[in-house]
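Q: Can you walk me through this model? I have the sequence and coordinates open.
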Amino acid sequence: MEKEKYSEELNVAVRVVHMACGLCQKVQKGLLGNALDDDEVKSKDDDSLVTIADWSVQATVSWILSNTFGSENVSIVAEEDVQTLSKPESAGLLGKVVSTVNECLAQASRYGLEGPDKTLGPSEILEAISRCNSNGGPLGRHWVLDPVDGTLGFVRGGQYAVALALIDNAEVVVGVLGCPNYHMKRDRHNKQQQNHISSEVSVPSPDMLEEGCVMYSKKGTGEAWVQPTVYGDSKYEWPNFAKQVRVSPIDDPALATFCEPVERANSNHSFAAGLASSVGLRNKPLRVYSMVKYAAIAQGDAEIFMKFARAGYKEKIWDHAAGVLIVQEAGGVVTDAGGRSLDFSKGMYLESLDRGIVACSGTKLHEKLIGAVYASWESSSL
Ligand SMILES: Nc1ncnc2c1ncn2[C@@H]1O[C@H](COP(=O)(O)O)[C@@H](OP(=O)(O)O)[C@H]1O
Ligand SMILES: [Mg+2]
């Protein structure tokens with residue numbers, strides 16, 4: 001791939017994800033500072049929680065991408081729709097989304113992006129959200145956005161991520177993961193970092209909420225990078241202290257750490273524990289919400305991420321695209337549990353996914369785990 005290809009897309013994606021992280025940090029602080037009210041957290045059909053931040057990030061990212069590249073050139077596959085938000089009884093909620101988005105877009109120039117000339121009205125914001133209704137597919141370019149991945153982590157004051165990827169002809173070519181509560185590795189404080197993600201369910205102190213990072217990569221570069229999120233009112237200047245990240249060199253299972261979803265409903269903890277013991281993993285799992293698990297592998301805070309959803313659950317592309325590319329370019333391996341590459345060509349879902357997802361810092365651990373999946377699958381209840 002030529003060096004410059006997708007550079008502009010990466011540049012804009014990183015900046016808008018930084019903006020979105022700022023937005024989320026503000027909303028999360030508000031949520032943690034006040035008792036949750038019905039206006040701020042609504043139940044979606046699937047009983048997951050959606051907050052003002054989800055819609056506001058989606059509107060912001062959609063508006064910036066369309067404004068930068070032209071709405072006719074931008075196809076976005078994203079998690080949220082506007083059904084709930086458009087109902088008459090959601091007027092209060094919509095009002096909050098409108099003010100959150102406008103407040104965020106008013107800061108665009110701080111991030112080196114172009115914002116609107118005037119305040120956006122509710123219909124423009126609803127339109128920006130609903131423009132993200134592409135189904136993706138095998139051909140052409142599609143942006144893939146999870147505005148707030150790990151909504152449970154977000155409302156509980158834990159880890160969550162803003163995930164934006166660009167797929168071109170079924171290949172993930174740009175991946176950006178904003179992790180507002182997960183800080184970039186500090187060389188001398190590895191242990192503290194691990195403690196930070198393993199204390200997942202505790203509420204971080206307000207100053208910790210600012211210590212986030214944005215990780216990113218472009219396909220074929222063999223490099224993944226991390227920048228700290230922007231503090232207070234400071235101006236974002238590329239490259240914003242960017243540091244290269246690399247997966248962990250550990251390939252001995254006895255020293256390796258694996259991460260998995262916090263929620264049992266999202267991944268079978270006991271099956272993963274069985275695999276862990278059969279390959280000789282000794283450390284207890286790091287249970288972390290959201291795609292921050294991919295960020296943890298990419299910067300070497302853990303060696304393995306396993307997810308085994310219940311039979312019949314279809315993994316969505318926005319829950320993986322950005323993280324998979326970043327881990328791969330940082331030197332890791334990500335496949336389904338059958339050892340095959342993830343297929344981003346089938347629209348919204350990873351249709352042909354075999355049993356689950358296994359991401360590792362290297363091939364040695366990966367081969368052991370895939371072997372263990374084959375050896376133990378028949379006797380499992382999955
Ligand atoms: N029954 C289920 N099985 C597996 N994954 C699920 C699930 N229900 C929801 N998810 C996905 O798991 C994501 C959260 O990941 P994790 O459990 O690793 O924190 C959710 O993202 P959202 O929070 O963006 O909805 C959602 O897409
Ligand atoms: Mg998600």
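Q: How is the chain divided?
A: Into domain 1 (7–245) and domain 2 (253–376), with bounds that come from an automatic or database domain assignment. This is a predicted model, where local features need pLDDT of at least 70, side-chain atom pairs count only at pLDDT 80 or more, and totals for chains, interfaces and linings use all residues. Residues are numbered from 1 along each chain as its sequence is written, while chains are lettered from A and ligands numbered from 1 in the order in which they are written.

Q: And how many residues does each domain put into the contact?
A: Domain 1 gives 46 residues and domain 2 gives 31 residues. Two residues are in contact if their C-beta atoms, placed from the backbone, lie within 7 Å.

Q: Which elements of domain 1 give two or more residues to that side?
A: They are β3 (76–78), β4 (141–149), α6 (151–155), β5 (161–168), β6 (171–179), α7 (190–198), β7 (213–218) and β8 (224–228). Helices (H or I, at least four residues) and strands (E, at least two) are DSSP runs, numbered from the N terminus.

Q: How do the residues on that side of domain 1 divide?
A: There are 25 nonpolar, 14 polar and seven charged residues there. Ala, Val, Leu, Ile, Met, Phe, Trp, Tyr, Cys and Pro count as nonpolar, Asp, Glu, Lys and Arg as charged, and the others, Gly among them, as polar.

Q: Switching to the ligand. Where does ligand 1 lie, and why?
A: It lies between the two domains, because domain 1 (7–245) and domain 2 (253–376) both give residues to the shell around ligand 1.

Q: Which residues are closest to ligand 1?
A: T151, P261, N266, Y289 and A309 are the closest of the 16 residues that surround ligand 1. A residue is counted as near a molecule or strand if its C-beta atom, placed from the backbone, lies within 6 Å of it. The shell divides into five nonpolar, five polar and six charged residues.

Q: What does β4 pair with?
A: β3 and β4 run parallel, joined by three bridges, and A78 has L145 in β4 as its bridge partner. β4 and β5 run antiparallel, joined by seven bridges. D146 is partnered by A163 in β5, and W143 stands opposite L166 in β5. Strands pair if DSSP finds at least two bridges between them.

Q: How do β5 and β6 run?
A: Antiparallel, with seven bridges joining them. V162 has G178 in β6 as its bridge partner. The hairpin of β5 and β6 has two residues between the strands, and N169 takes a positive phi near 45 degrees in that hairpin.

Q: What about the five-strand sheet, in what order does it run?
A: The order is β11-β10-β12-β14-β13, in an open sheet with mixed pairing. β11 (286–287) and β13 (333–336) stand at the edges with a single partner strand each, so one side of each has no neighbour in the sheet.

Q: How is β10 joined to β11?
A: Two bridges join β10 (residues 258–260) to β11, and the strands run parallel. C259 stands opposite L286 in β11.
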